[in-house]
Amino acid sequence: PLNIGNLVYAGKLMGLCAYGKVNDVWLPHFETFYKRFKYDGDSYKGGAETRVSATLELFKAIGIWEESFDHETTRYDGQISWDIAATSQQAFENVFMELAQPYLTKYKDYPVCLSGGCALNVILNARLANELPHGNIFVPPNTNDCGIAVGGLLEYLRPTQQVDLTYSGLPI
């Protein structure tokens, strides 16, 4: 079911998209949901404190909210959960493309390097690879927040040779 609050489920949500259908009536509400979370300089605005209210407003707008709705315990499963996943994915892609398009147009001949947790969205990455004229996209191995510490360390050390961190943990 959706809404089991653990970030490891993002990949599972992408998998659920295949079972769902994008709900065109819901789509603008999901896009509004994603646009509520803004970046302003070096500070993230509208994170955890906005998440609950934004989710409640979204579910009310698309007509699936009930008085008993509790964002910590309410679960959806079956077709409605699949449609939520598919519609959310489409909205995320639309908002990403809206924000990225000016840069993709201005620097159309440059390769694209994606980072951050959103760069782990394989569906979006495939869309970008197909839509860009050169299809040249790179997603580094530590693209999510786990790479922040490595980036800080490499900035401090300033290595003179390339450092390969594809997998630098304990032996498998």
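Student: Why is Glu98 called partly exposed?

Tutor: Its relative accessible area is 48%. Buried means under 20%, exposed means over 50%, and partly exposed is in between (1.4 Å probe, protein chains only). So 48% makes Glu98 partly exposed.

Student: What kind of model is this, and how are residues numbered?

Tutor: This is a predicted model, with residues numbered from 1 along each chain as its sequence is written; local features need pLDDT of at least 70, side-chain atom pairs count only at pLDDT 80 or more, and totals for chains, interfaces and linings use all residues. Side-chain values use heavy atoms, with hydrogens and water left out.

Student: What makes Lys35 and Glu98 a salt bridge?

Tutor: A salt bridge needs a side-chain nitrogen of Lys or Arg within 4 Å of a carboxyl oxygen of Asp or Glu. Here N to O is 3.1 Å. That is within 4 Å, so the pair qualifies. The pair links distant parts of the chain: Lys35 is in helix α2 (residues 27-35), Glu98 is in helix α4 (residues 79-106), and they are 63 residues apart. Helices (H or I, at least four residues) and strands (E, at least two) are DSSP runs, numbered from the N terminus. Lys35 has 34% relative accessibility, so Lys35 is partly exposed.

Student: How many salt bridges does the structure hold?

Tutor: Five. Another one joins Glu57 and Arg36, with the closest N and O atoms 2.9 Å apart. Glu57 lies in helix α3 (residues 48-61), and Arg36 in the loop between α2 and β1 (38-40), so the pair ties together parts that are 21 residues apart in sequence.

Student: How do you know whether Glu93 is buried or exposed?

Tutor: Its relative accessibility is 7%. That is under 20%, so Glu93 is buried. Salt bridges that share partners join Glu93, Arg127 and Glu131 into one network.

Student: What makes Glu93 and Arg127 a salt bridge?

Tutor: Their closest N and O atoms are 3.1 Å apart. Glu93 lies in helix α4 and Arg127 in helix α5 (residues 122-131), so the pair ties together parts that are 34 residues apart in sequence.

Student: Which residues make the contact between α4 and α5?

Tutor: In α4 they include Phe92, Phe96 and Leu104; in α5 they include Ile123 and Leu128. Contact means heavy atoms within 4.5 Å. By class, seven are nonpolar, three polar and three charged. Ala, Val, Leu, Ile, Met, Phe, Trp, Tyr, Cys and Pro count as nonpolar, Asp, Glu, Lys and Arg as charged, and the others, Gly among them, as polar.

Student: Why is Arg158 called exposed?

Tutor: Its relative accessibility is 56%. That is over 50%, so Arg158 is exposed. Arg158 lies in the segment after α6 (147-157).

Student: What makes Thr143 buried?

Tutor: Its relative accessibility is 4%, so Thr143 counts as buried. Thr143 lies in the loop between β4 (137-138) and α6. Thr143 touches residues including Leu114, Gly117 and Ala119. Thr143 and Ala119 are 24 residues apart in sequence and 6.6 Å apart in space, C-alpha to C-alpha.

Key
Lists of a residue's contacts leave out its neighbours within four places in sequence.
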